[in-house]
Amino acid sequence: MELRQLRYFVAVADTLNFSRAAESLYLSQSALSKQIQALEQELGVTLFERDRRSVVLTRAGRVLLPEAKSLLLRSDKLIPLLRHETDDAERQRHIMIGVEPRADGDSLIHRILTEQIYRERQVRPGLRALFLQMEYGDMKKALMDEEIDLALFLHAGEPLGAPLTLKTLWDDEMVLAFRSPREYPDEPDAVRAVLDRRGIILLENEMRGMSQVLQILGRLGATPQIRFSGTRLAMCLSVESGESAAILPRSVVRRLAHPDVRTLSLREAGGAERIWLAAAWRETEKEDSLAADVVRGAAEAIALLPEEDVR
């Protein structure tokens, strides 16, 4: 079994789509399928149940997935550790950053994070930054196990607790997004009317986001028809095409392309609609850790931005 085969397996498991996984890996779909089949033959188990319409992880696949991710994380970190184990200064020349898919929808994250890493590279020659997209549960565990150094994610107020440090970078709110040629009054009755008429689309594998949306609907006393999407892209396209409504962070909705995408506030949800972008890292005895420096610089850059760029 080779590490590249595990990477291929994780790519398919995360997307549940051979075509998209092959594209992200710069492979042909047939080559990817052959590698997965070779891995299944070597392990003696079936990892995916697949037909023309769907791909589903088997029990063996679900068992392998977190172990494969952990092994790949450790392998990515091994070379920098071996190369820079001589002293603390050398060890500070690499950083592994996990980004939750929910947070990845906001282009401001890319702009601020990459700019700060670029600045750090100017003062730390040889700095190597590795970026990983990870689900919240996997990312938190990897942070606790010191497999990653920094995590970026959306949260609704749940504490992390020691030994992790949490820094809120900016606050946001969930809003109802839908396409319409006309304006709607920003009031609770309009929210319920849109939900009743359009229904709502949720990401099927995003349990934290789904939990928050269901809490909002419960606070509003709304019971719309619910549809599910396998990807964030498909969900946003459904909203922009007028197929359905969705409850999304306002910062994400502002970056949807069509000018007829409307938003209604959900403030009647009594705070359930609030959400924050946060950074988390492990506490250390030193205040000048690389992760802390990156977060500090990002927070300072955000503080200088006009409000309309953040919200």
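On a 1 Å grid over the protein atoms alone, a cavity is a set of points where a 1.4 Å probe fits but cannot get out, and a pocket is an open set with protein on both sides within 12 Å along at least five of seven lines; lining residues are those with an atom within 4 Å of a point. Points are joined across faces, edges and corners, and the volume is the space filled by probe spheres set on them. By this rule there are four cavities of 30 Å³ or more.

The model is predicted, with local features requiring pLDDT of at least 70 and side-chain atom pairs counted only at pLDDT 80 or more, while totals for chains, interfaces and linings use all residues. Residues are numbered from 1 along each chain as its sequence is written, and side-chain values use heavy atoms, with hydrogens and water left out.

**Overall content**

The protein has 13 helices and eleven strands. Helices (H or I, at least four residues) and strands (E, at least two) are DSSP runs, numbered from the N terminus. Of the 311 residues, 47% are buried; buried means under 20% relative accessible area, exposed over 50%, and partly exposed in between, with a 1.4 Å probe and protein chains only. Among contacts (heavy atoms within 4.5 Å) with a separation of 6 or more, 73% are between residues 24 or more positions apart.

**Pocket and cavities**

The table gives volumes and lining classes. Ala, Val, Leu, Ile, Met, Phe, Trp, Tyr, Cys and Pro count as nonpolar, Asp, Glu, Lys and Arg as charged, and the others, Gly among them, as polar.

| Space | Volume | Lining residues by class |
|---|---|---|
| Largest pocket | About 1700 Å³ | 21 nonpolar, seven polar, 13 charged |
| Largest cavity | About 140 Å³ | eleven nonpolar, one polar, three charged |
| Second largest cavity | About 100 Å³ | 13 nonpolar, no polar, no charged |

The lining of the largest pocket is made up of 41 residues, and those nearest its centre are Asp14, Thr15, Pro101, Gln133 and Glu135. At least two lining residues come from each of helix H1 (3-15), helix H2 (18-25), strand S2 (55-57), helix H4 (59-83), strand S4 (128-133) and helix H10 (232-240). The most come from H4, which supplies seven.

Fifteen residues, written 15 in the count, line the largest cavity; Glu206, Gly209, Met235, Ile247 and Leu248 lie nearest its centre. S7, H9, H10 and S9 are the elements that give two or more residues to this lining.

The second largest cavity has 13 lining residues, with Ile112, Leu113, Leu152, Leu169 and Ala298 nearest its centre. Helix H6 (107-123), strand S5 (150-155), S6, S11 and helix H12 (290-303) each contribute at least two residues to this lining. H12 gives the most, with four.

**Helix H9**

Helix H9 covers residues 207-220; at 1.5 Å a residue its 14 residues should span 20 Å, and the end C-alpha atoms are 20 Å apart, which agrees. The expected span is 1.5 Å times one less than the number of residues. Buried in H9 are Gly209, Met210, Gln212, Val213, Ile216, Leu217 and Leu220. They cover an arc of only 165° around the axis, so they lie on the same side of H9; the arc is that of the directions from the helix axis to the C-beta atoms. An α-helix has 3.6 residues a turn, so residues three or four places apart point the same way.

The packing partners of these buried residues are strand S6 (164-179), helix H8 (188-198), strand S7 (200-203), strand S8 (226-229), strand S9 (246-249) and strand S11 (274-282). Exposed Met207 and Gly218 are on the face of H9 turned away from the buried side. Glycine 221 follows H9 and has a positive phi, near 70°.

Glutamine 5 is in helix H1 and counts as buried, at 7% relative accessibility. Apart from neighbours within four places in sequence, glutamine 5 contacts Gln35, Ala38, Leu39 and Glu42.

Most residues other than glycine have a negative phi. Leucine 16, in the loop between H1 and H2, is not a glycine but has a positive phi of about 50°. Its relative accessibility of 27% makes leucine 16 partly exposed. Glutamate 146, in the loop between helix H7 (136-144) and S5, also has a positive phi, near 60°.
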